[in-house]
Every structure is written in C-alpha cells, then in structure tokens.
Amino acid sequence: MMPYKIPESVLVVIHTADLHVLLIERADKPGYWQSVTGSLDAPDEPLLQAAARELFEETGIVADGERIALRDWRLSNVYEIYPVWRHRYAPGVTQNTEHVFSVEVPRTIAITLSPREHLNYVWLPHLEAADKCFSSSNAEAILQLPRQI
C-alpha cells in the first residue's frame with residue numbers, strides 16, 4: 001500500500017514578465033486546470049526544495065536560483081481536501097496547508113509534462129488563467145500575481 005500523502009503542499013504559479021500564466025491539465029481529472037502543485041515528500045522537506053522538485057517533475061523547468069528563481073510568497077492557505085482525493089491521506093485528515101511560490105520564466109521555455117500526471121498545458125493572460133483554475137486558492141494566487149512581482 002502507498003504511504004499516506006502529507007497534508008502539506010506547495011503551489012507554484014509559473015508566469016512570464018507580461019503576466020501570462022502556465023496552466024496544466026490533470027490526467028486524473030480531465031478539464032481540471034491548475035498551476036504546479038504537490039505534497040511534501042517528507043514532513044521535514046524544505047518548502048523551497050519541494051517547490052523546485054514539483055516544478056521540475058511536472059514541467060521539466062529547472063529552478064537554478066539565478067536565471068529561473070523561485071519566489072516564496074510566505075503565504076499559506078489552509079483548505080478542505082476535495083472528498084474525491086481524501087483517500088490519499090490518513091483517516092480523519094480533511095485539510096491541507098498549501099504554501100505559495102511563483103517563478104518567472106521566458107515564454108519560450110520548453111515545457112515537458114509528466115504524462116502520468118498531466119495531459120496538456122496552456123499559456124493564458126493571468127485573469128483568464130484564474131478563471132480557468134478549478135482550485136479557488138490557485139485562482140486567488142494568480143489574481144495576486146501583479147502585486148507579488
């Protein structure tokens with residue numbers, strides 16, 4: 001049996017200098033679009049490391065800390081885990097704490113999706129991207145983007 005997921009995760013909003021946002025479509029829920037997101041691998045995994053790992057695993061983008069640098073918003077959202085995904089967590093766990101990051105990339109950057117996790121990607125102006133997200137905390141982070149960069 002797979003170990004339970006840790007109810008602590010990272011959200012990474014990928015954007016260009018002109019506020020176009022990359023969204024990726026979930027393979028397990030076609031039509032569900034989101035930014036990069038994922039749970040910590042271990043309770044003591046540093047948040048920045050988790051964000052860099054998820055960014056690479058889901059898009060192939062390497063945050064080198066220089067040309068491509070993750071930005072920690074020092075913002076956390078606590079939300080109810082969707083019932084459809086609660087079986088991945090220990091019994092009785094119903095909430096997740098999500099830590100928000102962003103990363104500015106050139107529009108021409110190569111995107112390599114993990115086919116196991118995602119079907120497609122799209123670049124959209126940030127307001128359109130926020131409207132397309134199924135997650136309200138993800139949409140809110142995208143709407144805050146102009147104030148964060």
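Me: Which residue's side chain does the side chain of arginine 26 join in a polar contact?
Reply: Keep in mind that this is a predicted model. Arginine 26 sits in strand E2. Its side chain has a polar contact of 2.8 Å, and the partner is the side chain of aspartate 28.

Me: Is arginine 26 buried or exposed?
Reply: Leaving out neighbours within four places in sequence, arginine 26 still contacts Tyr32, Gln34, Trp85, Arg88, Glu117, His118, Leu119 and Phe134. Its relative accessibility is 13%. The cut-off for buried is under 20%, so arginine 26 counts as buried.

Me: Where does UniProt place the feature "binding site"?
Reply: That record is an unreviewed entry.

Me: Which element gives the most to the lining of the largest pocket?
Reply: E1, strand E4 (36–39), H1, E5, E6 and helix H3 (136–148) each supply at least two residues. The one that gives the most, with four residues, is H1.

Me: Why does serine 135 count as buried?
Reply: Serine 135 is in the loop between helix H2 (126–132) and H3, and its side chain makes a polar contact of 3.2 Å with that of serine 137. Buried means under 20% relative accessible area. Serine 135 counts as buried because its relative accessibility is 15%.

Me: What about arginine 86: which side chain is joined to it by a polar contact?
Reply: Arginine 86 lies in the loop between strand E5 (70–80) and E6, and at 28% relative accessibility it counts as partly exposed. Beyond four places in sequence, arginine 86 touches Glu80, Ile81, Val93 and Thr94. The polar contact is 3.2 Å, made with the side chain of glutamate 80.

Me: How many residues are in the largest nonpolar core?
Reply: Val12, Ile14, Leu55, Ile61, Val103 and Val105 have the most contacts inside it. Strand E1 (8–15), strand E2 (20–26), helix H1 (47–59) and strand E6 (95–104) each give two or more residues to this core. The residue total is 21.

Me: How many residues does the second, separate core have?
Reply: Nonpolar side chains tend to be buried together in soluble globular proteins. This second core includes Trp33, Leu124, Cys133 and Leu145. Its residue count is 16.

Technical notes:
Residues numbered from 1 in each chain as written. Predicted model: local features only at pLDDT ≥ 70, side-chain atom pairs only at ≥ 80, totals over all residues. Heavy atoms only, no water. Core = buried A, V, L, I, M, F, W, Y, C linked by side-chain atoms within 4.5 Å. Buried < 20%, exposed > 50% of the residue type's maximum accessible area, 1.4 Å probe, protein only. Contact = heavy atoms within 4.5 Å. Polar contact = N/O pair within 3.5 Å; in protein donor to acceptor, adjacent residues only side chain to side chain. UniProt positions renumbered as here; feature names shortened; annotations may be inferred.
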